[in-house]
Amino acid sequence: MIIIMEPGATQAQIDNVVEHLESLDFRININYGEVYTVIAAIGDKRLVQPHSINSFDGVREVKLIQEPFKLASRESKKDDTVIEFSNGVKIGGNNKPVIMAGPCSVEEDFSSLLEIATAAKDAGAEILRGGAFKPRTSPYDFQGMEEKGLKYLKEASEKTGLLVITEVMDTLDLPLVCDYADIVQVGARNMQNFKLLKAIGKCNKPVMLKRGPAASIREFLLAAEHILYNGNENVILCERGIKGFDTHYTRNVLDLASVPVLKKYSHLPVVVDPSHATGKRYLIEPMSKAAIVSGANGLMVEIHNNPDKAYSDGAQSLPLPQFRQLMKHLDCLFKVLDETNDLTTV
Ligand code: PEP
Ligand code: MN
């Protein structure tokens, strides 16, 4: 930690900061400049709140050198985290990007879910997505089929061999969701539901944490840190767009720069969801390709056999033929990136 004192800070003010840090076992190095005095404090900064030093008299700025997200950071783990499933699917590292696809919501008609899942599998997807607990902005919108939806997902998974990812919104539902899901999803709206994050940290299922609509990258990684800190090492990060000011042409702003940033500062796998990021069907293919080129370890895409009749998010759901086409195009991209050894370059 570096503490920059105000120009004209008194020796008493400098001593006060130094004494405080020394009492917390920091080693101190002081550099008296022409204008600024700079204090370098070396030690475990978990013992001190940087903003508490900020408020000491004579302190101008406190700069952290170590990332505040310890377990999620590359500093603590140099190698990429790779999450491996019993059927051989691997997410992260140099592995081929994994495609998660399925309807926004699990709906009443099971045959429709099966048709979607079969098409997803045939096109090369490895994970079936579908919400049984739906975080809806309006209480009048479809809220999800809950356990019946989870049962549908499980059945579709057994029939197709796809793994299942589905959202949990409440700690009370976590044991139930863990019974049916291969990956538990924390939705964007719950990224900072710390009680839920702690509970998920204590369960033994891989989890995909979606970036909050207004969360900075640091807040995103600190949310992941809660899960890691509570014991669950299998965390996937998902960029799904952040709030912008234009809601006419796009639903959110897909922050693709976050992909190489997250991969630079963290060892966790990063997945991109172009569907919730853009809200528009025609934007899914270009943003999927861009996400892969930016280094994403996977994609989550909403697809539907009859998007016009979808219970939720039909406008951003790809019809099945369009999904097949997307997968063909992505395959070409995977080959090119693989040949040029560029799949994971950041
Ligand atoms: C979803 O994936 O079903 C979802 C609701 O997405 P988000 O949390 O990113 O809005
Ligand atoms: Mn959706």
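1. Let's start with one side chain: Glu155 is partly exposed, with a relative accessibility of 34%. Here buried means under 20% relative accessible area, exposed over 50%, and partly exposed in between (1.4 Å probe, protein chains only). Its partner is Lys159, and their closest N and O atoms are 3.1 Å apart in a salt bridge, meaning a side-chain nitrogen of Lys or Arg within 4 Å of a carboxyl oxygen of Asp or Glu. Lys159 counts as exposed at 52%.

2. A word on the basis: this is a predicted model, where local features need pLDDT of at least 70 and side-chain atom pairs count only at pLDDT 80 or more, while totals for chains, interfaces and linings use all residues. Residues are numbered from 1 along each chain as its sequence is written, chains are lettered from A and ligands numbered from 1 in the order in which they are written, and side-chain values use heavy atoms, leaving out hydrogens and water.

3. Where do Lys159 and Glu155 lie? Both are in helix α4, four residues apart, about one turn of the helix. Helices (H or I, at least four residues) and strands (E, at least two) are DSSP runs, numbered from the N terminus.

4. Now look at Glu108 and Lys148, a salt bridge with closest N and O atoms 3.2 Å apart. This pair links distant parts of the chain, 40 residues apart: Glu108 sits in the loop between β7 (98-102) and α3 (110-123), and Lys148 in helix α4 (residues 146-160).

5. Across the whole structure, 15 salt bridges are found. Arg211, Glu239 and Asp255 form a network of them.
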